[in-house]
Protein chains: 2
Amino acid sequence: MNDPGGFEILTADPGSRARRGRLRTRHGTIETPCFMPVGTQGSVKAMSPAELEAIGTQVVLGNTYHLAIRPGIEIVETCGGLHPFMGWTRPILTDSGGYQVFSLARLRTITARGVAFQSHIDGRRLFLGPVEAMALQRRLGSDIAMVFDECAPWPCDRDYACQAVDKTLAWAAICSEQERADGQLVFGIVQGGEYTDLRRQCAERLVEIGFDGYAVGGVSVGEPEDVLLRGIRDSVGVLPPDRPRYLMGVGKRHQMLEAIANGVDMFDCVIPTRYARNGTAFTRRGRYPVKAGEYKDDKRPVEEGCDCYACSRFSRAYIRHLLNVNEILGIRLLTLHNLHRFMSFMQDVRQALDAGSFGAYRERWTERKDE
Amino acid sequence: MNDPGGFEILTADPGSRARRGRLRTRHGTIETPCFMPVGTQGSVKAMSPAELEAIGTQVVLGNTYHLAIRPGIEIVETCGGLHPFMGWTRPILTDSGGYQVFSLARLRTITARGVAFQSHIDGRRLFLGPVEAMALQRRLGSDIAMVFDECAPWPCDRDYACQAVDKTLAWAAICSEQERADGQLVFGIVQGGEYTDLRRQCAERLVEIGFDGYAVGGVSVGEPEDVLLRGIRDSVGVLPPDRPRYLMGVGKRHQMLEAIANGVDMFDCVIPTRYARNGTAFTRRGRYPVKAGEYKDDKRPVEEGCDCYACSRFSRAYIRHLLNVNEILGIRLLTLHNLHRFMSFMQDVRQALDAGSFGAYRERWTERKDE
């Protein structure tokens with residue numbers, strides 16, 4: 001476990017459990033609350049590192065399972081680790097492969113020692129357990145490594161959820177004892193499905209083991225919003241206030257705001273990038289399909305008043321055309337805009353927390369939903 | 001016809017017919033010899049205008065047929081023309097649709113008045129003749145419009161080539177009388193297949209009509225290299241020295257060098273962009289497949305000594321990985337490098353012409369071929 005001073009709370013919101021924080025890592029400081037774009041295969045889809053930097057991206061995600069399948073960890077290691085491999089100099093958080101226990105359920109077998117995957121590409125076998133996942137993340141050299149957990153599906157009966165928590169805790173204890181990359185932080189992951197007592201017990205036990213930060217996992221796997229929000233509250237309530245909290249895979253802005261109000265500091269989600277590839281634009285007020293016929297000769301930018309490269313130089317009509325004829329530039333411009341919008345959203349949240357106006361900011365989002 | 005002063009020859013190579021020139025257009029000056037990246041559908045595939053500018057792109061191509069099909073010329077016109085639509089402020093040359101007479105041969109019917117296309121997308125009918133093609137290019141507002149011609153296939157018997165030349169000339173005369181966009185230049189196109197006398201007659205007759213520049217068309221349609229080079233010589237020999245010459249669709253560097261030595265000033269080709277999407281990298285010395293297994297852990301840049309963004313920040317191993325897992329960034333980086341290589345190639349040619357060392361530069365390419 002690293003120096004707890006790695007995380008510092010700058011301001012606490014008097015009207016909620018929201019906090020404005022700062023997490024120090026070996027590759028730089030992360031101002032929280034923050035949104036982390038997803039770079040599963042070593043690239044935030046369609047974006048260059050220079051573009052990510054220009055819109056203020058502080059940290060990106062990589063995925064241990066996917067990088068182990070392709071190109072293989074040896075290759076990343078030969079290139080000096082994930083940072084030089086990707087050409088990314090700022091912090092990287094790596095997911096352990098625990099989420100693939102859920103998302104690739106048909107291709108894996110769970111045992112007490114870990115999970116045997118069949119590659120989703122060529123059927124090759126890959127065994128990931130707490131020892132293997134931590135070793136791979138050490139070799140990737142990420143700034144924040146996640147413990148190897150079992151992400152259970154939803155719905156999920158109490159017995160199964162209980163077993164998944166037991167495995168997650170046993171594996172977390174092993175993860176906490178593994179060798180790390182220089183300065184690497186390790187976060188525990190709270191599981192427990194929709195069961196309040198299981199989530200609390202899981203969180204308590206993780207805190208006893210002791211981690212540099214704590215994540216809420218097993219959410220955004222198909223459950224309704226009230227179950228999601230309850231899962232967050234159940235998990236976060238037990239966690240020590242002086243460590244960063246990361247909500248995994250949640251990227252609807254009104255949900256992120258509720259999570260922030262409940263004390264969450266970090267988020268990742270494919271929503272801004274994946275929706276861009278489907279032609280959906282995010283604005284300050286919600287989202288809309290740029291591909292819709294009504295924008296075919298619309299000279300306005302994707303979002304009026306936005307100062308990103310896509311909005312300062314191109315029209316909806318042009319981006320709609322590019323998307324319709326499958327030109328890569330269409331996906332690039334919309335991804336850039338959406339990520340810029342999400343980065344600006346988190347910057348606005350941080351400014352509101354700094355200025356003591358988070359309550360009012362949160363209020364404005366009650367009538368807007370990223371649905 | 002515009003002021004012939006629009007084209008100026010700065011230096012003539014004493015050892016060949018190569019010339020170092022400068023073409024003035026409404027959106028800026030083009031230093032020749034030059035290479036023009038292809039932006040068929042209003043986008044140079046995978047590139048942003050900012051990136052094209054950064055690598056020194058002087059002029060890009062658009063395609064009248066494809067833009068008429070999607071998004072439709074009305075939409076481009078509503079957006080103020082092709083320059084504002086694409087967010088491109090430098091010169092644009094538009095092809096007339098004549099090449100599609102060849103490339104979409106199964107979807108068109110040729111008559112004396114023009115060509116009836118069936119859309120390659122939805123079967124809708126589009127009629128293009130000299131009147132229509134010039135009107136569309138006027139509405140697109142390109143800096144250089146091409147006459148509507150018939151690009152004949154190869155092989156092609158003398159009778160067919162003769163008929164295609166007759167139509168091309170009749171249409172060229174009509175094109176020359178059409179209204180133009182403000183300051184728009186119009187180039188005639190020499191056809192004639194592999195028949196020396198037909199190419200000469202076609203060029204002579206075009207010069208009688210009088211155009212701002214002249215293109216060599218009907219090449220790079222499958223013929224062997226000696227036929228291609230003869231076609232260039234046959235066409236260019238007859239053209240007035242004080243007008244720019246544009247060789248359509250040829251992009252192998254050793255062929256472009258031979259064409260330059262024969263007095264050609266402008267080139268366009270999909271080679272750097274299309275080959276990038278297939279994983280082929282161009283270097284100063286030739287080309288190689290970045291996807292090959294031997295580069296899987298190669299930490300060197302795509303081309304050593306290259307200062308493009310792709311080469312200054314990323315390895316072959318990384319770009320190979322991105323291409324293998326279908327990440328858009330892989331195509332982006334390789335396209336950027338290849339276009340940068342082609343822009344640098346033309347810059348080197350211009351410098352060699354300025355310095356009087358074109359002969360030596362050309363010599364160095366006799367042992368390298370973009371095959």
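Helices (DSSP runs of H or I, at least four residues) and strands (DSSP runs of E, at least two residues) are numbered from the N terminus. The structure is a predicted model, in which local features need pLDDT of at least 70, side-chain atom pairs count only at pLDDT 80 or more, and totals for chains, interfaces and linings use all residues. Residues are numbered from 1 along each chain as its sequence is written, chains are lettered from A and ligands numbered from 1 in the order in which they are written, and side-chain values use heavy atoms, with hydrogens and water left out.

**Two copies**

Chain B is superposed on chain A by a rotation of 180° with 0.0 Å of shift along the axis, and the RMSD is 0.0 Å. The two copies are thus related as by a two-fold rotation axis. For this comparison, copies are superposed by least squares on the C-alpha atoms of residues with pLDDT of at least 70 in both. Both copies use the same surface, since 100% of the contact residues of chain B recur in chain A; contact means heavy atoms within 4.5 Å. Within chain B, the residue that comes closest to the rotation axis is I328(B), with its C-alpha at 3.8 Å.

**Helix packing**

Two packed helices are described by the angle between their axes and the distance between the axes. Axes are lines fitted to C-alpha atoms, for helices over the stretch in contact, and angles run from 0 to 180 degrees between N-to-C directions.

| Helix pair | Axis distance | Angle |
|---|---|---|
| Helix 6 (residues 130-140) and helix 7 (residues 158-176) of chain A | 9 Å | about 40° |
| Helix 6 (residues 130-140) and helix 7 (residues 158-176) of chain B | within 9 Å | roughly 40° |
| Helix 10 (residues 253-261) and helix 14 (residues 328-355) of chain A | within 12 Å | roughly 30° |

Helix 6 of chain A is therefore oblique to helix 7 of chain A. Angles under 35 degrees count as roughly parallel, over 145 as roughly antiparallel, 65 to 115 as roughly perpendicular and the rest as oblique. The crossing of these two helices of chain A is right-handed, a term for a near helix turned clockwise from the far one by less than a right angle. P130(A), V131(A) and M134(A) of helix 6 of chain A touch W171(A), I174(A) and C175(A) of helix 7 of chain A. This contact contains six nonpolar, no polar and no charged residues. Here Ala, Val, Leu, Ile, Met, Phe, Trp, Tyr, Cys and Pro count as nonpolar, Asp, Glu, Lys and Arg as charged, and the others, Gly among them, as polar.

Helix 10 and helix 14 of chain A are roughly parallel to each other, and their crossing is right-handed. R253(A), M256(A), L257(A) and I260(A) of helix 10 of chain A meet R341(A), F342(A), F345(A), M346(A) and V349(A) of helix 14 of chain A. That contact divides into seven nonpolar, no polar and two charged residues.

**Aromatic pairs**

Rings of Phe, Tyr and Trp (its six-membered ring) pair if their centres lie within 6.5 Å; planes under 30 degrees apart count as stacked, over 60 as edge-to-face and the rest as tilted. The count over all chains is 26 aromatic pairs. The pair of Y65(A) and F117(A) is tilted, because the ring centres are 4.9 Å apart and the planes stand at 50°. Y65(A) belongs to helix 2 (residues 64-69) of chain A and F117(A) to strand 8 (residues 114-118) of chain A, so the pair ties together parts that are 52 residues apart in sequence.

**Backbone features in loops**

T32(A) and P33(A) are joined by a cis peptide bond with omega near 0°. P33(A) lies in the loop between strand 3 (28-32) and strand 4 (34-36) of chain A. In chain B, the peptide bond between W154(B) and P155(B) is cis, with omega about -5°. P155(B) is located in the loop between strand 10 (144-146) and helix 7 of chain B. A46(A) is not a glycine, yet has a positive phi of about 80°; A46(A) is in the loop between strand 4 and helix 1 (49-54) of chain A.
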